[in-house]
Amino acid sequence: MKKWIAAAMLGAASMTAFASSENYTIDPLHTFPNFKIDHMGFSTMYGRFGTTSGKLVFDRDTMSGSVEISIDAASVNTGFQKRDDHLRSPDFLNVAEFPTITFSAKDAKLNKDGTGTIKGQLTMAGVTRPVGLIVNRSRCDMNPVSKKFACGFDATTRIKRSDFGVKYAIPGIGDDMDLMLEIEAARD
Amino acid sequence: MTLLDDPLIQSSLVPMTVTLLLAVVLGRLWPRSAGLAVIAGFYVAAALIHGLTLTPLTSTRKILLLGLLAVVLALAREFLGRSSATQRNVVIGLIIAGLLWMLWPALSYRPLAEAVTLAVGLTFYIVWLLIALDALADQPMPAGIAVMMLGSAAGIASVLAATALLGQLISALAAAAGVFVVLTLLLPKLRAGPLLMLPAAVLLGLLSAAALVYAKLPASSLLFLATIPALIRIPLPANLTAAVRAAMLVLLLLPAAGMAIYSAWHSAGDLPY
């Protein structure tokens with residue numbers, strides 16, 4: 001009998017958890033993956049991707065969920081058209097063949113304070129590798145302007161671009177590439 | 001960074017050295033196949049430039065595979081003797097299928113009219129190179145010069161068109177062909193043959209097509225490049241020595257090569273970064 005009660009309680013608990021999972025859609029106007037990379041040891045080059053879309057499922061009670069982010073690789077922008085054309089070419093992102101960069105994590109879990117590491121899969125230039133996305137801060141609240149409930153995340157990671165087969169001009173242009181993701185998502 | 005990581009070494013010294021050594025060996029053992037030394041030099045360079053992995057199967061890797069297919073077809077032709085029109089059409093059909101396979105990721109999301117225009121235009125370019133370069137197969141020195149000049153111009157133009165990878169690969173073929181040209185002056189019995197001309201036409205055609213579709217090589221560059229195999233057939237006085245003949249052929253092709261490069265430079269703009 002005790003087992004049945006325990007099972008029922010567990011079931012109820014999981015249903016409560018399921019019920020508090022909420023779906024969010026990424027706000028493309030406030031979601032920008034930025035990157036920085038060493039340029040010959042002289043300086044650090046910054047750039048960003050202008051077009052990002054995706055979905056989140058997030059349970060604020062358990063601070064867990066899943067994430068699917070899709071970045072338009074051709075939207076890369078370093079502020080200089082000729083360099084951006086080169087970044088889109090087969091030397092780097094090869095956007096004609098691999099138009100999207102994606103990050104997905106199925107069992108994302110954050111700490112109670114909204115920080116933590118999300119382990120997921122990053123796909124770039126047709127190669128998928130596991131990466132840990134470090135969430136430095138996050139916040140879920142009512143957006144006073146849009147009047148929609150929203151969550152925001154500030155996350156970073158460091159990858160080696162050579163792991164993704166993007167090897168052009170290493171080491172002149174750094175192999176290590178820092179990705180900084182600023183994400184906002186509105187509840188559906 | 002080791003010496004072999006240097007892009008300049010990879011696309012010049014490496015293919016030249018491999019071609020030189022292999023051409024000398026083949027020149028003694030099997031002179032008919034000496035042209036294969038150029039392709040071997042190219043593939044050693046390609047292994048250094050782009051690696052040996054096949055995944056993900058990018059357009060560049062597809063081109064390298066199609067070049068190897070061309071080597072197999074050329075070997076078959078060498079062993080079977082003179083090829084019939086049917087055999088030639090089958091080879092051209094296979095290469096066109098290869099071109100569409102290579103271009104498919106870029107064509108699939110373009111408007112139909114644009115995709116068809118690109119596919120048809122590039123098919124004409126590849127078929128023209130296949131026919132025009134094949135016609136030079138029994139003239140080793142002009143054959144080598146045609147490949148060298150096509151490769152030099154397309155290589156530099158591709159680098160200007162924002163693809164160092166394709167530019168480096170094409171330049172490696174040009175460097176290897178340059179050594180072959182010098183060797184034909186020293187060892188007249190060397191032969192270019194289909195073992196050089198078929199893979200060279202496939203590689204030059206597909207790499208240039210990829211530079212147009214996947215980077216920013218302007219179509220006008222390809223038009224100027226296409227004149228090179230025709231211009232090299234302009235007859236020269238018969239009493240010239242081989243070295244003078246070679247120098248005159250290079251001079252004859254320089255304007256077309258220069259215009260192909262200028263078109264890419266003009267299209268890209270002159271701002272370095």
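Author: Contact here means heavy atoms within 4.5 Å. The model is predicted. By that cut-off, 22 residues of chain B are in contact with 17 residues of chain A.

Reader: What makes Lys216(B) and Asp85(A) a salt bridge?

Author: The rule asks for a side-chain nitrogen of Lys or Arg within 4 Å of a carboxyl oxygen of Asp or Glu. The side chains of Lys216(B) and Asp85(A) meet at 4.0 Å, N to O, so the pair is called a salt bridge. The count between chain B and chain A is one salt bridge.

Reader: Which elements give two or more residues to the side of chain B that touches chain A?

Author: They are helix H4 (85-107) and helix H7 (164-186) of chain B. H7(B) supplies the largest share, three residues. By class, this side of chain B has 16 nonpolar, four polar and two charged residues.

Reader: How much area do chain B and chain A bury between them?

Author: About 1600 Å², with 63% of it on carbon and sulfur atoms. Across this interface, four residue pairs are in polar contact.

Reader: Why is Asp163(A) called partly exposed?

Author: Its relative accessible area is 37%. Buried means under 20% and exposed means over 50%, so a value in between is called partly exposed. Asp163(A) therefore belongs to the partly exposed class.

Reader: Where does Asp163(A) lie, and which residues does Asp163(A) touch?

Author: Asp163(A) lies in the loop between strand E10 (149-160) and strand E11 (173-187) of chain A. Not counting residues up to four places away in sequence, Asp163(A) touches Val127(A) and Arg129(A).

Definitions and conventions: Residues are numbered from 1 along each chain as its sequence is written. Chains are lettered from A and ligands numbered from 1 in the order in which they are written. This is a predicted model: local features need pLDDT of at least 70, side-chain atom pairs count only at pLDDT 80 or more; totals for chains, interfaces and linings use all residues. Side-chain values use heavy atoms; hydrogens and water are left out. Helices (H or I, at least four residues) and strands (E, at least two) are DSSP runs, numbered from the N terminus. Buried means under 20% relative accessible area, exposed over 50%, partly exposed in between (1.4 Å probe, protein chains only). Buried area is the accessible area (1.4 Å probe) that two parts lose on being put together, summed over both. A polar contact is a pair of N or O atoms within 3.5 Å; within protein, one must be able to donate a hydrogen and the other to accept it, and residues adjacent in sequence count only if both atoms are side-chain atoms. Ala, Val, Leu, Ile, Met, Phe, Trp, Tyr, Cys and Pro count as nonpolar, Asp, Glu, Lys and Arg as charged, and the others, Gly among them, as polar.
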